Structures are given as structure tokens and as C-alpha cells.
Amino acid sequence: MVCGNLYLSFKVPVMVAKIEKEREVAESTAVTGLVCDPIYREHQPGVRHPESPERYDAAIKGIEEHVPAGRILKIVPRMAKEDDLALCHTLEYIDEARQDILSGWGSLSTGDTDVCVKSYDVALKAVGGLLNAVDAVIEKKVRNVFCAVRPPGHHATSERGMGFCIFNNVAIAARYVQKKYGVGRVAIVDWDIHHGNGTQDIFYEDPSVLYFSTHMWPFYPGTGSSSERGGGTARGTKINCPLGAGSGRKEYVDAFNEKLVPAVKNFKPEFIFISAGFDGMANDPIGRHLMTAADYADLTGIVMEIASKYASGRIVSALEGGYNLSDLAASVGAHAAILAK
Ligand SMILES: [Zn+2]
């Protein structure tokens, strides 16, 4: 026994040192992926357009300033294929968008989305960025991912680009995680100040996708009344929280706690996407809400709690709106800092 104890007394410090070392490694391991690529600057909707290439720089700057580099793993986007787009979009619309863009026309014929000739490739990389983000989370390379992509996506329906959006990045990625990895129930949390009419429309009759949106009302694009709840067997899986102009932290946090939290208790999502628009910030030139960077950090915390309870922490968050550049940097930074905690 004495010999045994002596043996242990030599071994224990070695074991403690080993555990400490492992902990150090774990703490320095990246937990959050960042989809980034300078190509996202090359979609140029025109001079003085609010959805500007500088938004990409602002998002990256915010993350560099607020998240320790060791917590972030950079993820290079791939080019989405037509089959990927077709998970949510009609072949007719994909052709139409390609032709509109490559013809040099300058905007989509389907409405209010200005483009340049490079926009098609950039849009494919935006979708492909989310697909690589999904792969990285499923393969456990990271716990979650923020995608600093442009153009945004949540207004694009299956057959129509609109509202600065060409393809619906988040919707395509949601279908992709279901189809490629057999994930059943997916939740999409959309806190952009605009209602994600495209995402809601794509999944309106699909009970496997819970769509939750907080948005200003009345406002563009005009959809998102609380009576829109999903169709057929999907009734109840679309949850809209229209909030009047001047709404801020209290209204958003109440909506998350009173509507989203009870809904996921029943739905039990296995994977979560965030349509992360930051145009609810108080100084946004388009929105009229009063959110702060700290408020978006708190919403992130609520979604992370839900994700850790039901979805093994799996979140892919993608940039949607947010048009005041310094506010965008601050709010993306605050959001990513919580994701990477
Ligand atoms: Zn928006």
C-alpha cells in the first residue's frame, strides 16, 4: 500500500499537469467559425446604395475588435452549384437571375435588387459560405459559425429576388442540412428589422422548419402579421412578432422569451440558423427601432441557450441587414463575441 501511495504521489502531479494542459488546449481551440472572403466586397449595387461593400469590412472589423483571434476559425466559402440553389429556388428564377445579372442590366427584373456583373458569382459564394458553415458545424470543427456574407438572402422567395437579396442563403442551408445530413427539425430565428418574407414563404407549408421573426410593423415588405402561422400541417411553426416603430430591447427580449422559448420547447430544433440583421440598431438609416449592440448580444445568449438545450449547440448565423457601418461593426462584434464564448 505504501508503495502504491508513493506511486500515486508521483503520478498525481503528472496527471494534474496533463489535465491542465488539455484544458489549456480546449480553451485555446476555436469555437466559432467565421465565413469570410474578400469576394463579398465585389457585389456592388451602386454608389451610395446602403447595402454597400463596406458592410463586409465593418462586420470583419467588429469581429476582430471583439473576439479573441484564437476563438475564431476562418472558413473559406465554396461556390454553390445549381442543385444547391434548386433546394429552394425554381430553375426558371435561377436562369432569370443569372441572365439579368450577366446581361449588365444593373438590377434584377424581379424587383428592387441592384446588381453588378460580378453579383452572380458573389451570390453563389454567399450560399456556398453557409453550406461550408453547415459542414463545419456538423463535422464538429467548430460549435457555431458566423457568416459575414453579402448579398443578404431572407427576402428572396423561391421564384423572386427582392429587397437586396438574390438567393435565400439561410433557407438553402436549412434544406441542405436536412437533405445531406438527415437533420429533421430546423429552427430559423430572424431578428432583422424586416420580415423575412422569402424564408417564411419557402417553408410556409413545411412543418419541419420553425420560422420565428421579430420585425418592424408596418414596414417593408408588408408581410409578417401575427396571423401568418404556417399552412396545413405546418400551422403553428411560423411565428411572427410585429413590433411598432420605436421598439427596442424590452419588446425584442419579451418576444424571444414569451414566443420563441415556449415554441422550441415543443418543436425541439436539432439545428438553428440565425438571420442576423442589425438594422434594428438605433442609428440605422433604414430602420426605426432602438436596439443596441448589447441587446443583440443578449438575444444571441437566448438562442445559444436554446441551441445547447436541444441542438447540441449547433448554430449557423448569417448576416442579413444593418446599414450604419459603425453600428454594424459594434453589433456584429457583440453577437460574435457571445457565439465564441
Ligand atoms: Zn433588413
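Q: Leaving aside its neighbours within four places in sequence, which residues is Phe 146 in contact with?
A: In this predicted model, Phe 146 is in contact with Thr 32, Leu 34, Ser 317, Ala 336 and Leu 339, once its neighbours within four places in sequence are left aside. Phe 146 itself belongs to strand β3, residues 144–147.

Q: Is Phe 146 buried or exposed?
A: The general idea is to count C-beta atoms around the residue: 20 or more others within 10 Å make it buried. Phe 146 has 29 other C-beta atoms within 10 Å, and is therefore buried.

Q: How many residues apart in sequence are Phe 146 and Cys 36, and what is their C-alpha to C-alpha separation in space?
A: Phe 146 and Cys 36 are 110 residues apart in sequence, while their C-alpha atoms are 9.0 Å apart in space.

Q: Where does Asp 121 lie, and how many C-beta neighbours does it have inside 10 Å?
A: Asp 121 lies in helix α5. It has 15 C-beta neighbours inside 10 Å, so Asp 121 counts as partly exposed.

Q: What span should the 15 residues of helix α10 have at 1.5 Å a residue?
A: The expected span is 1.5 Å times one less than the number of residues. For helix α10, residues 325–339, this gives 21 Å, and the end C-alpha atoms are 21 Å apart, which agrees.

Q: How many of the residues of α10 are buried?
A: Of the 15 residues of α10, 13 are buried, so the helix is largely enclosed by the rest of the structure.

Q: How are two packed helices described?
A: The description uses the angle between their axes and the distance between the axes. For helix α2, residues 54–66, and α10, the axes come within 7 Å and cross at roughly 45°. That angle makes α2 oblique to α10. The crossing of α2 and α10 is right-handed.

Q: Which residues make the contact of α2 and α10?
A: On the side of α2, the contact is made by Glu 54, Arg 55, Ala 58, Ala 59, Lys 61, Gly 62, Ile 63, Glu 65 and His 66. On the side of α10, it is made by Leu 325, Leu 328, Ala 329, Ala 330, Val 332, Gly 333, Ala 334, Ala 336 and Ala 337. By class, the contact of α2 with α10 has 11 nonpolar, 3 polar and 4 charged residues.

Q: At what angle do the axes of helix α5 and helix α6 cross?
A: The axes of helix α5, residues 119–138, and helix α6, residues 169–181, cross at roughly 40° and come within 9 Å. The two helices are therefore oblique to each other, and their crossing is right-handed. Residues in the contact include Leu 130, Leu 131 and Val 134 of α5 and Ile 172, Ala 173 and Tyr 176 of α6. By class, the contact of α5 with α6 has 12 nonpolar, 1 polar and no charged residues.

Q: What is the angle at which helix α8 and helix α9 pack?
A: Helix α8, residues 249–267, and helix α9, residues 293–310, pack at an angle of about 10°, with their axes 10 Å apart. Angles under 35 degrees count as roughly parallel, and α8 and α9 are therefore roughly parallel to each other. Among the residues making the contact are Tyr 252, Val 253 and Phe 256 of α8 and Leu 299, Ile 302 and Ile 306 of α9. The residues of the contact of α8 with α9 divide into 9 nonpolar, no polar and 3 charged.

Q: Is the peptide bond from Arg 150 to Pro 151 cis or trans?
A: The angle to read is omega. The bond from Arg 150 to Pro 151 is cis, with omega near -10°. Pro 151 is found in the loop between β3 and α6. A cis peptide bond also joins Trp 217 and Pro 218, where omega is about -5°. Pro 218 is found in the loop between β5 (209–216) and β6 (238–243).

Q: What is the phi of Arg 48?
A: Arg 48 has a positive phi of about 65°, although it is not a glycine. Its place is in the loop between β1 (32–35) and α2. Arg 48 is exposed, with 6 other C-beta atoms within 10 Å. Lys 268, likewise a residue other than glycine, has a positive phi near 50°. Lys 268 lies in the loop between α8 and β7 (271–276), and is partly exposed, with 14 other C-beta atoms within 10 Å.

Key: Residues numbered from 1 in each chain as written. Predicted model: local features only at pLDDT ≥ 70, side-chain atom pairs only at ≥ 80, totals over all residues. Helix = DSSP H or I, 4+ residues; strand = E, 2+ residues; numbered from the N terminus. Buried ≥ 20, exposed ≤ 12 C-beta atoms within 10 Å, placed from the backbone. Axes fitted to C-alpha atoms, helices over the stretch in contact; angles between N-to-C directions. Parallel < 35°, antiparallel > 145°, perpendicular 65-115°, else oblique. Left-handed = near helix turned anticlockwise from the far one by under 90°. Contact = placed C-beta atoms within 7 Å. Nonpolar A, V, L, I, M, F, W, Y, C, P; charged D, E, K, R; others polar.
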